[in-house]
Amino acid sequence: MEKTFELHENTPDTADHCIACTCCIANCPVTEATRAFAGPKLTGPAHSRMKFAEDDVERSLEYCSNCKNCEITCPSGVRVATLNMLQRGEYYRTHKHSQRDDMLAHGERMAKLVRSLPFGATCANIGMKIGKALGVFAAVGITGERDMPAFAPDSFYSIFAKMEQKPSEKKVVFYPGCYINEYEPEIGRAFINVMQKNGYEVITDKSFICCGAPMVASGYLDEAHENAKKNAERILAWKAKGIPVVACCTSCSLMLKSEYHELFEDPEMREISSGIYDAFEFLEIMEERGELSEDFAPIERRFSYHPPCHLRAQGIGLPSFNFLQRIPGLSIENLAAGCCGMSGSFGFKGDKYAISMKVGEKVFERIAEVGADTVVSDCGTCRLQIRHGSGRATCHPIEILAQAYGYK
């Protein structure tokens, strides 16, 4: 069954649908963790009605993590978090960014520099450890309490170039995003193995760039728009050929298929939505078509599952959790404990670290209660937070599915 999208009205106009019911405040994990945040309703719908007046900036806007829980729970369809991001972008058109925000928003730029140098990944990883120990990160406003993600020795694109696949008329384009390409390329390898098992050939498009989510979160809205236009051009080109684009990162898939047309008014941003899929969302469609193999080998292990906020915001259920439940011998429990607190770059900010960990307390407590030694989650930064806050190992659900298909 092919998906269809209801094309929303322009995001600023949704502010007028706010009925001040406070559902967004009641379900905002940051508001629960700190009184410094006035709440999503005030920073989003209320100030949006004032057309982002320069002399009426809501100072607590910086505490919005863009986790989307306000939008998930809003009964009136107000794009609360997106309104916050639009207001943040407007603010930074006339205010200077910090060095910290520049670094966190432009990870792809740093990755390109690292990959251009001999032994760049190794040197960068050593440098980050030294920088953390010497307090360099803390000096620029990045928390010194957690490790930065380590660069993989080889990027996904370099690994992909060496992989052999069985050719097929059925094809998908894999969008790895920055995180999988630079830090966890094994997730991309697992995705290829799963698709090959089911008769699909995976292709890539190196013209794709960062989806722009880190830029949006730090107020670089104009730069994110440029990335969106470049990515939309490529998505439309593949859509014209009848080849879908699939992502394994829920923040990337949400950005590409939903947030682009909510943040930007370009007509093509709405056109691309039906050409983008989250990985397990696409696997569900394959199953409906009768294309999915259920030749699963038993996996005698116990897992717990953390559903990312940016997956729940897509309104597609929990497809990966549903798939893993069908693997023989495998036991998995949905933590259902809310936001982990990381929210992309939010948890890396020195002044937000304690809030991030406070938000994640319920998740960490549930992990301890369930007792499984490995936590499964579709989001890379969720996995970072869970490893940091609970001490448990983590993995992406596509890795488990690949294992069930016999891949190591």
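1. Helices (H or I, at least four residues) and strands (E, at least two) are DSSP runs here, numbered from the N terminus. With that in hand, a friendly word on the basis of this note: the model is predicted, so local features need pLDDT of at least 70 and side-chain atom pairs count only at pLDDT 80 or more, while totals for chains, interfaces and linings use all residues. Residues are numbered from 1 along each chain as its sequence is written, and side-chain values use heavy atoms, with hydrogens and water left out.

2. Let me start with a loop residue. Ala150 sits in the loop between helix 10 (136–139) and helix 11 (156–160). Ala150 is partly exposed, at a relative accessible area of 46%; the scale runs from buried (under 20%) through partly exposed to exposed (over 50%), with a 1.4 Å probe and protein chains only. Neighbours within four places in sequence aside, Ala150 is in contact with Asn125, Met128 and Tyr183, where contact means heavy atoms within 4.5 Å. The C-alpha atoms of Ala150 and Cys18 are separated by 42 Å, and these two residues lie 132 residues apart along the chain.

3. 4 strands make up an open sheet in the order 2-1-3-4, with parallel pairing; two strands pair if DSSP finds at least two bridges between them. Its edges are strand 2 (201–203) and strand 4 (276–278), each of which pairs on one side only. From one strand to the next, the twist averages 40°. Strand 1 (residues 171–175) pairs with strand 2 in the parallel sense over 3 bridges, and Val172 stands opposite Val202 of strand 2.

4. Helix 16 belongs with this sheet. It lies across strand 1, strand 3 (245–247) and strand 4, and runs at about 155° to strand 4. Angles run from 0 to 180 degrees between N-to-C directions, and axes are lines fitted to C-alpha atoms, for helices over the stretch in contact. Thr250 is found in helix 16, which covers residues 250–263. Is Thr250 buried or exposed? Thr250 is buried, with a relative accessible area of 0%. Beyond its neighbours within four places in sequence, the contacts of Thr250 are Asp278, Pro308, His310, Leu311, Gln314, Asp378 and Cys379.

5. How does helix 15 meet helix 16? The axes of helix 15 (residues 221–240) and helix 16 come within 11 Å and cross at roughly 125°. The two helices are therefore oblique to each other; under 35 degrees would count as roughly parallel, over 145 as roughly antiparallel, 65 to 115 as roughly perpendicular, and the rest as oblique. The crossing of helix 15 past helix 16 is left-handed, in that the near helix is turned anticlockwise from the far one by less than a right angle. On the helix 15 side, Leu221, Asn227, Ala228, Asn231 and Ile235 meet Leu256, Tyr260 and Leu263 of helix 16. By class, this contact has 6 nonpolar, 2 polar and no charged residues. Ala, Val, Leu, Ile, Met, Phe, Trp, Tyr, Cys and Pro count as nonpolar, Asp, Glu, Lys and Arg as charged, and the others, Gly among them, as polar.

6. Helix 18 (residues 279–288) deserves a look for its burial: 7 of its 10 residues are buried, and the helix is mostly covered. Those buried residues are Ala279, Phe280, Glu281, Phe282, Leu283, Ile285 and Met286. Gly290 follows helix 18 and has a positive phi, near 80°.

7. In the order 6-5-7-8, 4 strands form an open sheet with parallel pairing. Strand 6 (331–334) and strand 8 (393–395) are the edge strands, each pairing on one side only. Here the twist averages 30° from one strand to the next. Strand 5 (residues 302–305) and strand 7 (residues 374–376) run parallel, joined by 3 bridges; the partner of Phe303 in strand 7 is Thr374. Helix 24 packs on this sheet, touching strand 5, strand 7 and strand 8, and its direction makes about 75° with that of strand 8.

8. Finally, helix 24 also meets helix 13. The axes of helix 13 (residues 185–197) and helix 24 (residues 397–404) come within 8 Å and cross at roughly 45°. This pair is therefore oblique, and helix 13 passes helix 24 in a left-handed crossing. Glu186, Ile187, Ala190, Phe191 and Val194 of helix 13 meet Ile398, Glu399, Leu401 and Ala402 of helix 24. The contact divides into 7 nonpolar, no polar and 2 charged residues.
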